[in-house]
Amino acid sequence: MSAAFKISNRQARHLWLSTNLLAETPTGAFDLQDMIWRLGFVQIDTIRNVTRAHNHILWSRNQNVREGAIWKQLSDRTIFEHFTHDASLIDIRVLPYWTRQFDRLGAHVGRSEWYQSGLAKAQITEIRDRIEREGALSTHAFDTKVEKREMWARPPHKKALDQMWYAGELATCHRKNFVKFYDLGKRVFPTHDPIPDSDAVDWLCSAALDRLSFGTTGEIGRFWDAMRAHEAKAWCEHADLIPVQIETADGNIYAALAPQDIEVRLETLPAPTTRLRILNPFDPAIRDRARLEKLFGFDYRNEMFVPKAKRRWGYYVYPLLEGDRFVGRIELKADRKSGDLSVIGFWPESGTRWGAARHAKLDAELTRFARFAGLTNTTWHTPRS
């Protein structure tokens, strides 16, 4: 292979969609653990505009998935919950390489001003001892108050639980109605032989590139968000990788790296389904907004925490993927009392024609999405064009 193997934009899009399990029609038998293993992780989020992010992400890959199905995997210890770029569900096979993330995040929180106080240490010991005696407890089992009324302020017991959870001393053993229950990490995580940190970095970088199919050193390092940039850069410099040139949506080229089997991946690459999909704002395929824009020319931002007057689109806006193109955005809201899925915003992508056939595809997907969330009707409160 030449020193600069070129991957066309069309190939790059198809590779990325296939890697993210979005190339095939989302029907048939499914394996939740296999989905999470192949994706790397699935983000958890509390917002339930229609359905929570983790449910929607998995349903987008197979529409036979049902809400809440993933929690059995957590209780069965085939996955675990921890922090990548955000709270996520991760395949248990990653755990042996995750010690460095426990150490990194635990140390980061442990250096905070709050943790360094004697009060924090006393509370941490008290909470740990109570969980050891009583077994798994949720945050509702504790009662400490926030002294200052500040946005995002957390009560002392929640900070203590967070500190131990980040460090791996505590683990999520199960969730009930989305409430997290904490137990001692040693009672939740299966035992494994210690892995040298250099081997953990090697595995995490290799696994990241496998799940990216191609990537820059920055993209490889940020995939798990479990290492510093210089560690990913050092790995890329010494690993046996293929240099590639990736064509962007606007015809430019950027340099990246690919695994040794990149030619085989391209030769066996399936064409993506023409199914129109409503993707979640936290979907792994769109999490890296810069990569998304380079490959698809799709400018997408999550505006949930942007003041309403400054939003370009809306509060909880779903990208619309059809084949290998993003064809628009839609804002949806569930009214569970009436059983209604309300369309409150719709923005066709510039240059995309929305004729009767494409609208029919969207209507069919809205019906499926409503059914998944336990809703019976879809009502438009905004123009359809």
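Start with helix H10, where the buried residues are Ala 200, Val 201, Leu 204, Cys 205, Ala 207, Ala 208, Leu 209, Arg 211 and Leu 212. Keep in mind that you're looking at a predicted model. "Buried" here stands for under 20% relative accessible area, and Arg 211 is on that list along with residues such as Val 201 and Leu 204.

Now look at the helix as a whole. H10 takes in residues 197-212, 16 residues in total. From its first C-alpha to its last, H10 reaches 22 Å, close to the 22 Å expected at 1.5 Å a residue.

Strand E8 covers residues 242-247 and strand E9 covers residues 253-258; the two run antiparallel and are joined by six bridges. To get your bearings, find Ile 242, whose bridge partner in E9 is Ala 258.

Three strands make it up, in the order E2-E4-E3, with antiparallel pairing. E2 (41-43) and E3 (79-83) are the edge strands, each pairing on one side only. From one strand to the next, the twist averages 30 degrees. Zoom in on E3 and E4 (residues 87-91), and you'll find five bridges joining these antiparallel strands. A handy landmark there is His 82, which stands opposite Ser 88 in E4.

Definitions and conventions:
Residues are numbered from 1 along each chain as its sequence is written. This is a predicted model: local features need pLDDT of at least 70, side-chain atom pairs count only at pLDDT 80 or more; totals for chains, interfaces and linings use all residues. Side-chain values use heavy atoms; hydrogens and water are left out. Helices (H or I, at least four residues) and strands (E, at least two) are DSSP runs, numbered from the N terminus. The expected span of a helix is 1.5 Å times one less than its number of residues. Buried means under 20% relative accessible area, exposed over 50%, partly exposed in between (1.4 Å probe, protein chains only). Two strands pair if DSSP finds at least two bridges between them. Axes are lines fitted to C-alpha atoms, for helices over the stretch in contact, and angles run from 0 to 180 degrees between N-to-C directions.
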